Amino acid sequence: MTDRTLLDAEEVAGAELDGWALRDDALLTRLVTPAYAVGLELVARIGAAAEAANHHPDLDLRYGHLDVRLSSHDAGGVTRRDVDLARTIDAIAAELGAEARPG
C-alpha cells in the first residue's frame, strides 16, 4: 500500500534533509553541476530511481544546474515517499559531484 500521509513542516525538518527546502507543499533543491553532461547523467539516474520507486519528481535541467521538485500529487503535499526519494537523489548527486543549493 502507498503511504499518502502528509508530513507537516516539523516532520520534514526532522528528516534532516540538507540542501532541501519545503515550499508550497513540495521539497525543492537545486543541484549545481560541474558540467552539462553531469546534469544529463543526474536526470537519467534520478529517472531510473524514480521509476523503481514509482514516484516521479519534476526535473528542470539547465546549463549549470538541475532543479528538483518532489511532491506526492496523489496526497497533495510531501509524504515519506518524497523524503525517501530526496535521500536517494542526494546519494546520486554526491556520486556525480553535484552540490545541493536550495533557494
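Which residue in S2 is the bridge partner of Arg23? The legends below refer to a predicted model.

**View 1. The S1–S2 hairpin.** Ala26 in S2 is the bridge partner of Arg23. Strand S1 covers residues 21–23 and pairs with S2 in the antiparallel sense, over 3 bridges. The two strands form a hairpin with 2 residues between them. Asp24 lies in the turn and has a positive phi of about 50°.

**View 2. S2 beside S4.** S2 and S4 run antiparallel and are joined by 6 bridges. Thr29 has Val68 in S4 as its bridge partner. In a regular strand, side chains alternate between the two faces of the sheet.

**View 3. S2 beside S5.** Strand S5 comprises residues 99–100. S5 runs antiparallel to S2, with 2 bridges joining them. Leu31 stands opposite Ala100 in S5.

**View 4. Helix H3 along its length.** H3 spans residues 80–96, 17 residues in total. At 1.5 Å a residue, the helix should span 24 Å. Its end C-alpha atoms are 25 Å apart, which agrees. Just after H3, Gly97 takes a positive phi of about 80°.

**View 5. The buried residues of H3.** These are Arg81, Asp82, Val83, Leu85, Ala86, Ile89, Ile92, Ala93 and Leu96. An α-helix has 3.6 residues a turn, so residues three or four places apart point the same way.

Methods
Residues numbered from 1 in each chain as written. Predicted model: local features only at pLDDT ≥ 70, side-chain atom pairs only at ≥ 80, totals over all residues. Heavy atoms only, no water. Helix = DSSP H or I, 4+ residues; strand = E, 2+ residues; numbered from the N terminus. Expected span 1.5 Å × (residues − 1). Buried < 20%, exposed > 50% of the residue type's maximum accessible area, 1.4 Å probe, protein only. Pairing = 2+ DSSP bridges.
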